[in-house]
Amino acid sequence: MDVFTLRSGIMHAEDVPLPAIAEAVGTPVYVYSLAKLTERARAFRQGLAGLDRPLLAFAVKANPNLSVLRVLGREGYGADVVSGGELTRSLAAGIAPGDIVFSGVGKTHAEMTQGLEAGIGQFNIESEEEGRELAALAASRGTVARCALRVNPDVDARTHAKISTGRSENKFGVPLGRAAEIFAALASEAGLEMRGVAVHIGSQLAELEPLETAFGKLGALIAELRAAGHAITHADLGGGLGVSYRHGERYPTAAEYGEMVARATKGWDVRLTFEPGRFIAAEAGVLLTRTIRTKRGGNGPPFVVVDAAMNDLARPALYGAYHEFEAVEPTGARAVAHIVGPICETGDTFAMNRDCDALEAGDLAVFRTAGAYGATMASSYNSRGFVPEVLVDGDRFAVVADRIAPAAIMDAERVPEWLA
Ligand SMILES: *Cc1c(COP(=O)(O)O)cnc(C)c1O
């Protein structure tokens with residue numbers, strides 16, 4: 001179900017016309033659909049219906065907005081966090097500590113302590129060094145940290161290099177070949193309850209096969225650990241399921257994913273955790289922007305200069321990512337154009353030679369599939385403010401993150417006396 005649809009020639013988010021949001025909140029602005037978020041969350045759960053009580057931990061980094069987390073919490077989701085800030089948000093959104101998994105290669109002692117104090121469900125340990133430090137912290141507090149060891153299976157996820165995490169040259173996890181030895185070393189620590197293993201090989205995966213290969217390796221490791229006398233009760237299969245950013249692209253469905261998982265994990269006899277991010281949130285959001293002006297090009301097509309920029313939506317600049325770009329009130333006229341933002345950097349280009357709806361100064365447009373890795377990657381580069389976020393539910397909407405004005409950002413800066 002597409003929730004960003006034309007009605008009487010005007011694009012709506014569910015039942016709210018996008019011009020009404022632009023009028024009330026200004027542009028650029030992220031607009032999320034509660035119905036779509038819910039639909040995706042349920043579709044993912046439904047795809048895994050054949051498994052026994054899986055923990056679905058939403059990867060908070062995909063969209064950490066408090067209201068988004070609240071919606072997912074209501075859908076029974078836990079959280080996969082990668083920083084103290086994400087942990088704070090997840091707790092504030094009402095996610096049960098026991099349903100929170102803490103991933104990441106650089107957890108600081110302060111973050112580990114925060115996780116221990118909150119009583120989170122699981123730390124995913126990414127190195128022997130980290131495990132030892134966590135053990136000492138837990139022991140000194142007289143507590144025990146529940147842990148899984150994240151392994152690096154050396155599998156090519158066949159995705160963009162910057163979001164590939166499961167090759168041996170990537171920083172994530174411990175090498176599969178050393179996993180049993182490191183697991184045993186950490187299992188002897190009094191401060192740790194080493195109860196499982198974890199894997200996450202990358203994001204925006206277009207195929208299931210690399211995942212299945214990685215899960216196969218994880219299954220072999222579980223057998224090896226059990227043979228060595230360890231009680232393995234949990235396995236975390238990470239996230240990574242891709243979504244279609246271009247009309248007409250076909251990506252694995254939750255049902256296909258679930259079927260593969262059931263096959264790959266048959267007989268494991270563990271509680272499985274999943275960490276979907278993009279799959280849940282991407283299609284639930286658009287970035288709504290207004291055309292500032294069109295500018296004639298050199299030899300090529302014209303530039304459509306919009307008021308959104310790479311600081312608001314970084315994916316095109318960061319990964320060369322494609323986002324569908326559509327007029328909010330299309331006239332039927334089409335044009336080939338370069339879509340760019342106002343930032344003084346050529347990287348601030350959303351699309352080159354794009355065949356899209358013809359736009360004139362003042363016209364509204366959207367970048368689709370912007371609900372994941374959108375607002376959360378925003379910066380204030382060029383002293384632009386932080387883009388606001390709106391959540392739509394049927395015919396109502398609410399600002400769920402305020403625009404942060406450039407002046408408010410400047411307020412946090414100080415000029416020392418010796419410069420005054
Ligand atoms: C980013 C990340 C995820 C989520 O990835 P998606 O592709 O958004 O599903 C899950 N687990 C870990 C450890 C991550 O770093």
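Me: At what angle do helix 4 and helix 5 cross, and within what distance do their axes come?

Reply: This is a predicted model, in which local features need pLDDT of at least 70, side-chain atom pairs count only at pLDDT 80 or more, and totals for chains, interfaces and linings use all residues. Residues are numbered from 1 along each chain as its sequence is written, and side-chain values use heavy atoms, with hydrogens and water left out. The axes of helix 4 (residues 84-92) and helix 5 come within 9 Å and cross at roughly 20 degrees. Axes here are lines fitted to C-alpha atoms, for helices over the stretch in contact, with angles running from 0 to 180 degrees between N-to-C directions, while helices (H or I, at least four residues) and strands (E, at least two) are DSSP runs numbered from the N terminus.

Me: Which label does that angle give helix 4 and helix 5?

Reply: Helix 4 and helix 5 are therefore roughly parallel to each other, since angles under 35 degrees count as roughly parallel, over 145 as roughly antiparallel, 65 to 115 as roughly perpendicular and the rest as oblique. Their crossing is left-handed, a term used if the near helix is turned anticlockwise from the far one by less than a right angle, with right-handed used if clockwise.

Me: Which residues of helix 4 and helix 5 meet?

Reply: From helix 4, G84, L87, T88 and L91 meet E111, Q114, G115 and A118 of helix 5, where contact means heavy atoms within 4.5 Å. The residues of this contact between helix 4 and helix 5 divide into 3 nonpolar, 4 polar and 1 charged; Ala, Val, Leu, Ile, Met, Phe, Trp, Tyr, Cys and Pro count as nonpolar, Asp, Glu, Lys and Arg as charged, and the others, Gly among them, as polar.

Me: And helix 5 with helix 6, how do their axes cross?

Reply: Helix 5 (residues 109-118) and helix 6 (residues 128-140) have axes that come within 10 Å and cross at roughly 55 degrees, and helix 5 and helix 6 are therefore oblique to each other. The crossing of helix 5 and helix 6 is right-handed. On the helix 5 side H109, M112, T113 and L116 take part, and they meet E130, E133, L134, L137 and A138 in helix 6. The residues of that contact of helix 5 with helix 6 divide into 5 nonpolar, 2 polar and 2 charged.

Me: Further along, at what angle do helix 7 and helix 8 pack?

Reply: Helix 7 (residues 176-187) and helix 8 (residues 209-227) pack at an angle of about 30 degrees, with their axes 11 Å apart, and helix 7 and helix 8 are therefore roughly parallel to each other. The crossing of helix 7 and helix 8 is right-handed. L176, A179, A180 and F183 of helix 7 meet K217, L221, E224 and L225 of helix 8, and the residues of this contact divide into 6 nonpolar, no polar and 2 charged.

Me: What about phi of R158 and N382?

Reply: R158 has a phi near 55 degrees, a positive value in a residue other than glycine, and it lies in the loop between strand 9 (145-152) and strand 10 (174-175). N382 also has a positive phi, of about 70 degrees, although it is not a glycine, and N382 is found in the loop between strand 19 (364-367) and strand 20 (389-393).

Me: Is R158 buried or exposed, or in between?

Reply: R158 counts as partly exposed at 41% relative accessibility, given that buried means under 20% relative accessible area, exposed over 50% and partly exposed in between (1.4 Å probe, protein chains only). N382 is partly exposed as well, with a relative accessible area of 35%.

Me: Last one: where is G285, and what does G285 touch?

Reply: G285 is in strand 14 (residues 285-295) and counts as buried at 0% relative accessibility. Not counting residues up to four places away in sequence, G285 touches F4, V31, Y32, R368, T369, A370 and G371. G285 and V390 are 105 residues apart in sequence and 9.4 Å apart in space, C-alpha to C-alpha.
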